[in-house]
Structure formats: structure tokens, C-alpha cells
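Hi,

Here is the structure I said I would pass on. Have a look at it first, and my notes follow below.

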Amino acid sequence: MKILHNAKIITMNPNQPRAEALVINHHAPNCGRIVEIGSSEKILAKYERDAKSEDLHGATILPGLTDAHIHLKYYALNLKKIDLFNASKAECLALVAQRATDTPSGEWILGHGWNQNNWPEGLPTAAELDKAATNHPVHLTHVSLHSSWENSSALVAAGINAATQDPKNGKIVRDERGNPTGVLLETASQLVESILPSPSDGDNIQAIADAQQALWRMGVTGVHDYDRIPSFIALQRLHQRGDLKLRVLKNLPVESIEAIIASGLRSGFGDDMLRIGGIKVFADGALGSQTAAMLAPYEGQPDNRGISFLDSEELFEIGRQAVTGGLSLTVHAIGDAANHQLLNSFEQLRAFEKVQGLPNLRHRIEHAQILHPDDIPRFVELSLTASMQPIHATADMLMADVHWGERARYAYAWQSLEQAGTRMAFGSDAPVDTPNPFHGIYSAVTRRRTDGSPGTDGWRAEECISLESAFKGYTSGAAYAAGMEDDLGMLSPGYFADLIILPDDPFKLEIDQLHAIQPTATMVGGEWVWRQ
């Protein structure tokens, strides 16, 4: 056994909020779980003779944090791409030009994170990229992952020209003559992505193994992954060889639903390190590309209500197929129209589950970025988890005001959802944004960016939540969404010893210090996986 003592333990357990010491079992059948938690005096007196003890000298212990929405393989591979976050158009072009000098002629240049919504020039063009990289095809994904910026070489390689038709649920941005400008929206990006050199299974395995290290340093001990089957393959290989030290809930893509059901995989199948989540479905696009499905047109765009990928009946049919096979649904919905349609579908689905005698599976709505106020109580009525990304609010606030206007009052509506009794699970959507949970926690509590903007009061501050509620989104809320609320999300006897060490108590820090918190150690299942 192992004892951690002389610590300030924030348990997130309402029945025992604070403690000083805990003891961890290192023997089967409860290896890696907490045996007892309490005062240092009591724990040491009872267990010191039979355990190794470690004095933490007053440091703070918190439950490990879970990122409830991440694209793990994509995030891992992106660590090797050009980082375009917060870059101006000129800076993006300079970074591409720099990478071109170090890349053999003809090889692809890949980058991620550009955002034209922060540029006065608006959408970029292929011609601009052509000047930065004359001998390379270039593919740069938007910060939202819902569009991409290509140079002419990439367009030619993908066979995209004036005669190319827009794919279903996608759009090729064109000039007045019908020629592609270099920006591809939604599924149109797949025309280029389908010809990119595919990373091998070995590349994916190594990338995820490396990404674990980055996540541990941020205090992340678990993730809910939304990448596709190659990510699942890599995770299984890592787990099989004993190198997966991050708890993963693996959600699976709807395009593979028939094969998944035929294989017998069900939500909850797996073990404590890698288990099956739900079937991932897309209901609409994104705010950044103005493709999120809206009840009323975007501000200043009377003909644009976004793109709705599926109607209520189509969503229900997918749900019927999933729940009959024992699989929950986890559905991307950004716009208020997409969320409204989705809630209608879940109402049908809950009725179907009841009539068929099926269990109430843990369905979730991913993002739920803007809601009609009448739809907010329906999350509780339908027993749905709102899986949200607090950092999106501050990243998107200027866009939200421009494109949604006063409707943005109910954008990223954490306080309204909490008041209605909604269960929330928090994540980052990385690589759309940083997976650092303390940035998300700061955003949830302040509705401000780390530079302090838009000011002391924050953006639409009526939707701020408390620090305790923010931590719950990354702990007990995420654990409930994964069906592991009896194992994870708090520090209590019988729960896994997934925890992080902080130099200071976050509940006693000045609010503007929250985003700068840096863990000094991370433990998963009673094993230190990273120490400063």
C-alpha cells in the first residue's frame, strides 16, 4: 500500500469534501484504488507499518481531470503540424514559408488552427499560399476543423476545379467565375484529406503515446475520444502492450455502425482503461464557418441558416438502430436548430427505449453551443448529458456576437443548464483548442480570455458558473457521462487513485491565477505517470 499524507485533499466528494491523507491499495483485486481517506494522524497510525508513505508538505491533491471531448489521434498528430493558433494571415503565410524551406520539394505541408474570423481580410485564398510554398501542396485545417485552406497544388492533386460539384454537406468556396478560391467547407475538405499520405498504425501509436505525456503535464488523467477507427486500433495496441496510462472512453463513428453492431460491441464494453462509449453523429456544422444549423438566419446573411446534416427522423432512425444494439448516441449539435431537432429525436428515442424495454442509455449532446431558451429544460426531462467545452465560449465570443447577435445570450449557457439540473461534462475539442483543463475552468468561471478580455465582467457573465461546478464538469460530470461515476470523479474509498498534485489550493487563489495553474505530478491508478 501507499500513503500520501500532509496534503490538502479536495475530494469532490460532498460527504467528505476535505482530507489530509489517503491510502492506496496495490494488491488485487482492488489494485490502484483508494482504501481510506482522512486525517494524516489517523491514516498514518492505522496503515504506516504496512505501507510506504510520502509526505506532500502541504501540497494540494485533486481528482484527476478528464477531457470529455477530444480528438486524440488528431491532437497527437497535430503536435507535429504547423501551429497556426492566434496567428494573423501574414503570420500563417510566414510560418508556411518557413516550413517549406525545411521540407523536401513535393512533400505535403500540414498545419492547423487558422481563423479568418480574427482577420480583417476575411477568407484567405490559394493564391496567397502559392507564394509561400511554390513547390509543395499545402493543407491547413481551420481552428474549428470544419473547413480547410488549400494552395493550388493541393487543389490540383485532389482534382478540384470549376467543374467539381459540391459534395453532400459541403461547399467549395468559389470566386465570381466559379473557380475554387482555396477554402473548402465541411465535407468538401475530405476531397483533399482523402489523398493525404495516411499515417501508419505505428505512427498513430507513437503519436498517442507521446500525447499522453503532454496531457499528464496538464493534469489530464482521462479522455473521451472522438477520432475514428484508426485511433481505436492504436489505443488497443497501446493497451495490449501496457503503455496506455490514460483512461479512454472510445466513441465510434456512425459510418461504421453496422459493423460495430455486428461485432457485438456495446456501450460500456471494455475495462477500466479502455471502454466503448457511444456512436458519434454530426447534426450540423460549426459557428466558425457559419454552417451551424440555426432557427433564424445568421446576422447580415438573410439566406444562410447553416447546414443541417440530418433531420429529426433521420436522427431517430440512427438512434433506434444504435440503442437496439446496446449503443448510446453522442451527437454533435452547435446551432439552436440542430439542438432543437436533436432534442425532438431524443424524445422519440426515449419513448422507443421504454416501449421496447431497453435501458435508459447515457446519451449526450456534444457542444450544445447555442440553445433556444425553451429547449434548456429538455436536457433534464430526457436525461441527456450536455458535453460542452468552456474554452469555446471565450474563443468564439466575438464571432458569436457578430453572427448570432442577441441570440448569443443563450450561447454556452452553463448557468442556465445547471439551474435546470442538467448534468454537464467538460472538455476541449482539441485540437480545436488547447486541452489544458485549467484554461477551460478559467473560462467557465470568468467568461474571459487569459489576456483578461473582454474585461472584468466577462462576456455574457450571467452564464458564469462557480469554481466547484467547473471542476465537476471535468471530474464527476465526465465520470457520469462515461458510466464510471462509481469509480472516477472523486477521491473516496473504492475509487481509483487518479489524482493530480498542485502547488496551491485553487479555491484560495485569485481568480485570474486559475488559468496559470500547473500540476507538479499526475497519478493514474495509484501509479505516478508524471512528476515535475
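The buried residues of helix H7 are covered by, among others, strand E8, helix H2 (72-78), strand E15, helix H8, and strands E23 (521-524) and E24 (527-531). Bear in mind as you read on that this is a predicted model.

Which of its residues are buried? The list is Asn204, Ile205, Ala207, Ile208, Ala209, Ala211, Gln212, Ala214, Leu215 and Trp216. As a reminder, an α-helix has 3.6 residues a turn, so residues three or four places apart point the same way. Just after H7 comes Gly219, with a positive phi of about 95°.

Two of the elements covering H7, E8 and E15, also belong to an open sheet of eight strands. The order there is E8-E15-E16-E17-E18-E19-E20-E21, and the pairing is parallel.

Val248, for instance, has Leu274 in E17 as its bridge partner. Helix H8 (residues 229-240), also part of the cover over H7, lies across E15 (220-225), E16 and E17. The angle between H8 and E16 is about 150°.

Now the whole protein. You will find 17 helices and 24 strands in it. Its radius of gyration is 23 Å, close to the 24 Å that the globule rule gives for 532 residues, so the protein is as compact as a globular protein of that length. The C-alpha atoms fill a box of roughly 80 × 60 × 50 Å along the principal axes.

Of the 532 residues, 59% are buried. Among contacts with a separation of 6 or more, 71% are between residues 24 or more positions apart. The accessible surface comes to about 21,300 Å², and carbon and sulfur atoms account for 49% of that.

Over to you!

Notes:
Residues numbered from 1 in each chain as written. Predicted model: local features only at pLDDT ≥ 70, side-chain atom pairs only at ≥ 80, totals over all residues. Heavy atoms only, no water. Pairing = 2+ DSSP bridges. Helix = DSSP H or I, 4+ residues; strand = E, 2+ residues; numbered from the N terminus. Contact = heavy atoms within 4.5 Å. Axes fitted to C-alpha atoms, helices over the stretch in contact; angles between N-to-C directions. Rg over C-alpha atoms; globule rule 2.2 N^0.38 Å. Buried < 20%, exposed > 50% of the residue type's maximum accessible area, 1.4 Å probe, protein only. Areas by Shrake-Rupley, 256 points an atom, 1.4 Å probe, with all protein chains shown as cover.
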